[in-house]
Amino acid sequence: MTVKILFVLAVNFAYLAVKGNLVDGDQTFSIDYKNNCFLKDGKPFQYISGSIHYSRIPHYYWKDRLVKMYMAGLNAVQIYVPWNFHEPVKGEYNFSGDRDLVHFLDLANQTGLLVILRPGPYICAEWEMGGLPAWLLETPNILLRSSDTDYLQAVCNWMNILLPKVKPWLYSNKGNIISVQVENEYGSYHACDYNYMRTLRTIFRSFLGADTLLFTTDGDTERALSCGSLQGLYATIDFGTDTNITKAFRLQRRFEPHGPLVNSEFYTGWLDHWGEVHAGVDKWNVSKALREMLALGASVNMYMFEGGTNFGYWNGADHDTRFRSVVTSYDYDAPLTEAGDPTEKLLLIRDVIKQFRDVPAGPMPPATPKFAYGFVTLGKVKGTSRPSGLELWEPTPLISPLNGVHDRAYVTINGVFQGILERDTALVLKVSGKQGDTMDLLVENMGRVNFGSKINDHKGILGDLLLGSDVLTNWEIYTLDLDGAIAGGWPHSEARRFPPADGRGPPAGPMFYMGTLKSNGVARDTFLQLKDWSKGQVWINGVNLGRYWSSRGPQQSLYVPGPLLSATQPNNITVLELEGAPECPRVLFMDRPHLNRTHRLPTLPTPPGNNQSRKTQGYKTHVGLNDKTFIFQAL
C-alpha cells in the first residue's frame, strides 16, 4: 500500500517538472517573517475574510452571497472542500451543479475576492463525518486521520483528483487562492500522528508546488498547537469573543515567533443541536473583538460570515457525554442569515472594517424577496397506513443493552407503532404483539460525528437487541432509496392511481404525506413550518430540504430557496413523518424563519430487569437508514 502512495507522488513530482515552465510568477503571496506580515505582490497585506460553504448554499445564490461579502468590506473568503460531497460513492466524483467548485472559485474571482482554501481531507464544519466519506468505514479497523495505509491511499486518490482542479486557481498562477490549509484542527484529535501530517505536507507540496503558502489551524491551547502544527506549515489559531486576544496571540507566537498574527476562525456565532437552546453571539462583542484584532495587524477570518443550510442528510453531530445531532439550519447567527440576508451584525462589522481599509462604495445589496404562501393541507400516501385490532400479549421490553442503535429506531409490530429506541437516550421500549407478528425497525442516521475521537461513526444496529431475555437474530437486509424514488416523482406520480387518503386522525409512527403548493406566478424564498408535527424529512419538488424536529427544537422552520419552486406549475410536497403527524396535517409557508423554540430532552431511563421471556422465532425485524433504507429481518 505504501508503494502505491509513493508511486502517485512520484508521478506528480514529474508532472510539476514538466509543467513548471507554464507557471507565471508575476503574482506572489508569501510571509514576511522580518516584518511579521503577509506579502501580496511584494507589499504588506492584511486579509479580512469570511467563511462561506458552497456546499450549504444552492449554486444559483453563490454570486448573491459573494457580492454581499465583498460589499461588507471583505477582501477574501475562506472555504472548505467536503470530500464526501464530491465522492459520496468510492471512485465516483461529482463536480457539477451545487458541487461545481471551480465555478465557485471563478465567481469569487469575478467578485474581487481572494480565497483561503481548506481542502481537508478532514474539515469538521459540523458536516457529516467531518467531510470524510462514510465508505471509508467499510475497511475494517481503519484508523481515520492517521498514517494508516488504507486511509492514506484513499486520501492520496482523492487529492489526485482535487488538487489538480484547484492548482490553476493559485494566486501564483494568476488565480485567487492565496493560501491552503492542511488538515483541520488536528491538534484537537487524539491521534497526534506527526507522520500523517508529514505525509499530507508532502502530498500538498507535490501537487501545489514549493511556493504555495500552506498553513494549519488549531485551538488556542498548548496541546492543540503542539499536535496540530508542523515545520513548513504556518501555524494559525482560532478563537471567539470570549477569549483574551492578547493571550491567544501570545500562544501563537510560541509556535510562530515571527510572521503575521492570524485568527483563522473568529466565531461570529455558533451552531445549534437538536433539543438545545438556539445559540448566538452578541453583535457588539463581535465588532469590538474584530476591531482589537485588526488594530494589532492580525489577519482575521470570520467563521461564519454566512452559514447556509444542511440540506438532505449533510448535518454532522457531536459526541462528548452523549450523541448530539446538529440541526438542519446552519444560520450560525452569522452576519448574513441562512437565507443570505444582511443583519445588524454585518453593518457593525462593515463599520469596523472601514477603519482599516477602503470599503466598496454604495449600499449593501438587499435581502432576497420572501413570500408567505400560506397553508397547504396534506394527505396520507396510501400503503403507509397501519392495521389495528391486533390480539396483543403482555408488554415485553425491547432492549438495546449495549447502546447499539445508531441513532433512532422507530419500532412497529404488524404496522402498529410501539415507540422509539434512541442512542444514549432511550435504550428500553415495552412492545406488545403475538407469536408470528412482524416487528419493523426503521433506523434513522441522524448524522455522523464530525469532531473528536468518535468520528468512526457506524450507523444501523451495531449490537444485539433483546426481546425480554431473548436475542433477536438472523437479520435480513433490504434497501430502499428514498431520495431517488422521490426525486423520480414518487409518490405524486402515483396520485392518479392511488389518490392520497384523508390525513386527519391520530396517527403514530412512520408515514408519508403528500400535497401540492399551487403556483401563483411567484417563486420566491420561503420558510416551511410544520407546527405540531413531530420529526421527519421534507422534499419539495423532489429536493430534500433536510430534517425537521418540531417536537424538540430549537429549529421550527425549514428554508426553501425560491428557485426550487415553480411559479407556473404545481409544487409537490412530500413529508416523511417518523413519530406522529397532527390531527389536521397541514404545513405553513411563511416569509420569515423560526429558529428558536426548544423543548426539554427526555431523560435516560433505567433499564428494567429482564424477567420476561418470549420466543423470537418468526419475527421479522426491518431496519432502515435515512440516506438509503435498509430492512433487516430477524427470523
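Tyr 196 is buried in this predicted model, at 0% relative accessibility. Buried here means under 20% relative accessible area, exposed over 50%, and partly exposed in between (1.4 Å probe, protein chains only). The model is predicted, so local features need pLDDT of at least 70 and side-chain atom pairs count only at pLDDT 80 or more, while totals for chains, interfaces and linings use all residues. Residues are numbered from 1 along each chain as its sequence is written, and side-chain values use heavy atoms, with hydrogens and water left out.

A search of the whole structure finds 32 aromatic pairs. Rings of Phe, Tyr and Trp (its six-membered ring) pair if their centres lie within 6.5 Å; planes under 30 degrees apart count as stacked, over 60 as edge-to-face and the rest as tilted. Tyr 186 lies in the loop between β7 (177-181) and α6 (194-208), whereas Tyr 196 lies in helix α6, so the pair ties together parts that are 10 residues apart in sequence. Helices (H or I, at least four residues) and strands (E, at least two) are DSSP runs, numbered from the N terminus. The relative accessible area of Tyr 186 is 1%.

One aromatic cluster is formed by Tyr 54, Trp 62, Phe 85, Phe 104, Trp 127 and Trp 314. Charged groups also meet rings. The charged end of Lys 535 sits over the ring of Trp 549, 4.6 Å from its centre. The charged end of Arg 586 sits over the ring of Phe 375, at 3.7 Å from its centre. A charge sits over a ring if NZ of Lys or CZ of Arg is within 6 Å of the ring centre and within 35 degrees of the ring normal.

The protein chain has 11 helices and 34 strands. Of its 635 residues, 59% count as buried. Among contacts between residues at least 6 apart in sequence, 78% join residues at least 24 apart. Contact means heavy atoms within 4.5 Å.

Helix α2 (residues 62-71) has Trp 62, Arg 65, Leu 66, Lys 68, Met 69 and Met 71 buried. The buried residues of α2 pack against β4 (48-52), β5 (76-80), α4 (101-111), β11 (299-306), α10 and β30 (557-560). The axes of α2 and α4 come within 10 Å and cross at roughly 35°. Axes are lines fitted to C-alpha atoms, for helices over the stretch in contact, and angles run from 0 to 180 degrees between N-to-C directions. The crossing of α2 and α4 is right-handed. A crossing is left-handed if the near helix is turned anticlockwise from the far one by less than a right angle, and right-handed if clockwise. Trp 62, Lys 63, Leu 66, Val 67 and Tyr 70 of α2 meet His 103, Phe 104, Leu 107, Ala 108, Gln 110 and Thr 111 of α4. Gly 73 follows α2 and has a positive phi, near 110°.

Helices α9 (residues 283-295) and α10 (residues 344-353) pack at an angle of about 20°, with their axes 9 Å apart. They are therefore roughly parallel to each other. Angles under 35 degrees count as roughly parallel, over 145 as roughly antiparallel, 65 to 115 as roughly perpendicular and the rest as oblique. The crossing of α9 and α10 is right-handed. Residues in this contact include Trp 284 and Leu 290 of α9 and Leu 348 and Val 352 of α10.

Several backbone features fall in loops. A cis peptide bond joins His 406 and Asp 407, with omega about 20°. Asp 407 is found in the loop between β17 (405-406) and β18. Another cis peptide bond joins Trp 490 and Pro 491, with omega about 0°. Pro 491 lies in the loop between α11 (482-487) and β26 (511-517). Glu 126 is not a glycine, yet has a positive phi of about 55°. Glu 126 is buried, with a relative accessible area of 9%. Lys 174, also not a glycine, has a positive phi of about 70°. Lys 174 is partly exposed, at 48% relative accessibility.
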